[in-house]
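The sequence and structure come before the details.

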Amino acid sequence: MNRQNAAREGHEVFQWFLPAAERGDAYAQFNLGLLYKHGEAVGRDDVRALEWMQRAARQGLAVAQNHLGAMYCNGRGAPRSDDLAARWFGRAAAQGDPAAQQNLGQLYRKGRGVPQSHEVAFGWFYRAAEQGLASAQNLLGECYLQGLGAPVSHPLAMAWFRKAARQGHGPAQLNLALMYRRGDGVEADNAQAVCWFREAAAQGIPAAQRFLGQAYANGQGVPTDPARAIAWLERAAMQHDTEAQYALGTLLAAGHGSGDDERALEWFLRAAARGHAQAQYCAGVMYSTGRGGARDPARALDCYLRAAEQGAANAQFSLGVMYARGDGVPRDEARAADWYRRAAQQGDASAQNNLGVLYANGQGVAHDDTLATYWYRQAAEQGHALAQYNLGGMVNSGRGVERDPLRAYMWMLLAAGAGQEGRRPRGGVAGRLGASGGPWARALASRVRAARRQQQGQGWHP
C-alpha cells in the first residue's frame, strides 16, 4: 500500500513539473531532469535528464549548470566531455554555487578540460569551503597538508579538517585522526586519533575501520582488545580493504579471536589476490607448514614467487630455501643462490648467511672464500648468530680474510652470546663486546675500535 501511494505521489509530482517545464520554468525543468536522472516517478533516462538540464542551464540556473557539468564529466546522457564539463562548472561557479566551485577545482587539480593548476584549484576549493561545503573544506585541508597550491601548513590543514569533521564528513574525520596519530603540527595523541577514527568508521569508511581495528590490536589510544580489533578489521576487509585483509589474517594466525588458521589463510589469500606482497608471503608460509589446510609446497612456491617478484626479501629467502632443499621443486642450488642474493642485497641476514655458505662450499656458485666472508660479515653485523659463528671459523682459518685468532674468538664469543635470549646487548660490535663484561671482552672491544679507526679508509668494518 505504501509503495502504491509513493508511486502515485511520484507520478503526481512528475505531472506537476512537466507542464511547467514545457512552459519554460527553469526550476521545473531542473527538477524534471533530476527525476529522469535518478529514475524517480519515471524510468531512469540519462538522455532526457540531460535535455532538461540543458534547458534549465541555458536559462542561467546555477544548480542545473552544475548538474549538467557533472553529467558531461561522467559521460551520462552524452559522451564524456571535459571541455563541456569545465564550461558548465565554470558558469555555475561564477554564480557562487559551492558544489560547482569544488567540481571546477577538481578539474584544475587533475588537468581535465582546463590546464592543470593546483593554485587555481586551491582558489576554487577555498571559495566553496568558505561557504561551508564540508567536502571542499576537506579538500582545502589536503591542499594545506600536502602543499598543493599553497605552502604546507599543518595548523590550517587541521583547522579545515576539523570544520568538515564537525559537520560529519567522514573523509575529513579520517584525515584529522591521521594528523593526531602522526603528530602533524600537534603533539601525537592516540586517544584523539581513535576518537576520530571511530567517527569515520561508524560511517563505513574502510580505512578508518582498519585503523580503528589496528588501534585495538596494538593498544594505541585504547586498551588492547583483540575481539574488537578483529570485528573492525573484518568490516574493512569485507569492503575489500587489502591492508585490513592482511592485518586480519595476521591476527587470526597469531591465535587471536578464534585463532582459526583456515580463516587466516582465507584472508591472506584474498589480500594476496589483490597483489599484497606480504599477504602472498604469509599464505606461502601457511601452505609450506600445513597451517589452515594440508601442506602444499607447490602452492607455497607460487605464493612466494609472486611476493618475491614484487621485491619481498623474506619471500626471496624462502624461495632460496625451497630450491636449496628441493622442497616441492627439483633441487637447484644455482637458483637458490640467485634468490638468496636478491634477498641478501636487501639486507636479509639469513639470506646473507646462506649465500655465504654457498660461496664457502662452491654450491650453485663458484667457490669464493672472499665473497663467503663478505656475506657472513654482512649478516654477522646484524647479530645473526650462525653467521657470526661461520665468520669466526673463516677468520680463524684465514679463509677469504687474513687469519686473526683474536678476532675469530670475538665472533665466536658474540655468536655464543647471541643464543642467550633477552641478554644480547645492542649496538655495534665493539659496544656489544664491552657490555658483555670480562677482561677478554674488554680487550677485544678495544682491539675492534682500534682496527676500525685504522681501516675506515679501506671500506672494511669488523
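## A charge over a ring

The charged end of K163 sits over the ring of W160, 4.3 Å from its centre. A charge counts as sitting over a ring if NZ of Lys or CZ of Arg is within 6 Å of the ring centre and within 35 degrees of the ring normal. R127 likewise lies over the face of W124, at 4.5 Å from the ring centre.

The model is predicted: local features need pLDDT of at least 70, side-chain atom pairs count only at pLDDT 80 or more, and totals for chains, interfaces and linings use all residues. Residues are numbered from 1 along each chain as its sequence is written, and side-chain values use heavy atoms, with hydrogens and water left out.

## Aromatic pairs

A search of the whole structure finds eight aromatic pairs. Rings of Phe, Tyr and Trp (its six-membered ring) pair if their centres lie within 6.5 Å; planes under 30 degrees apart count as stacked, over 60 as edge-to-face and the rest as tilted. Y126 and W160 form an edge-to-face pair, with 5.9 Å from centre to centre and 70° between the planes. Y126 lies in helix α7 (residues 118-130) and W160 in helix α9 (residues 154-166), so this pair ties together parts that are 34 residues apart in sequence. Helices (H or I, at least four residues) and strands (E, at least two) are DSSP runs, numbered from the N terminus. Y126 is partly exposed at 33% relative accessibility, while W160 is buried with a relative accessible area of 6%. Buried means under 20% relative accessible area, exposed over 50%, and partly exposed in between (1.4 Å probe, protein chains only).

F317 and Y340 form a tilted pair, 5.8 Å centre to centre with 35° between the planes. F317 belongs to helix α18 (residues 313-325) and Y340 to helix α19 (residues 333-344), so the pair ties together parts that are 23 residues apart in sequence. Y340 is buried, with a relative accessible area of 4%. Elsewhere, F122, Y126, Y144 and W160 form one aromatic cluster.

## The cavity

Rolling a probe the size of a water molecule over the atoms shows where empty space is left. On a 1 Å grid over the protein atoms alone, a cavity is a set of points where a 1.4 Å probe fits but cannot get out, and a pocket is an open set with protein on both sides within 12 Å along at least five of seven lines; lining residues have an atom within 4 Å of a point. Grid points are joined across faces, edges and corners, and a volume is the space filled by probe spheres set on the points.

The structure holds one cavity of 30 Å³ or more. The largest cavity contains about 50 Å³ of space and is lined by R181, N190, A193, V194, F197, F211, A215 and Q220. Helices α11 (190-202) and α12 (206-218) each supply at least two residues of this lining, and α11 gives the most, with four residues. By class, the lining of the largest cavity has five nonpolar residues, two polar and one charged. Ala, Val, Leu, Ile, Met, Phe, Trp, Tyr, Cys and Pro count as nonpolar, Asp, Glu, Lys and Arg as charged, and the others, Gly among them, as polar.

## The second largest pocket

The second largest pocket has a volume of about 170 Å³. Its lining consists of A70, C73, N74, F89, Q102, N103, Q106, L107, K110 and R112. The elements that give two or more residues to this lining are α4 (62-74) and α6 (98-110); the largest share, five residues, comes from α6. Four of the lining residues are nonpolar, four polar and two charged.

## Individual residues

W52 is in helix α3 (residues 46-58) and is buried, with a relative accessible area of 10%. W52 and Q29 are 23 residues apart in sequence and 5.3 Å apart in space, C-alpha to C-alpha. Q54 also lies in helix α3 and is buried, at 15% relative accessible area. The C-alpha atoms of Q54 and W88, 34 residues apart along the chain, are separated by 9.8 Å.

D369 is found in helix α21 (residues 369-380) and counts as buried at 17% relative accessibility. The side chain of D369 makes a polar contact with the side chain of R399 at 3.0 Å. A polar contact is a pair of N or O atoms within 3.5 Å; within protein, one must be able to donate a hydrogen and the other to accept it, and residues adjacent in sequence count only if both atoms are side-chain atoms. H367 is placed in the loop between α20 (349-361) and α21 and is partly exposed at 48% relative accessibility.
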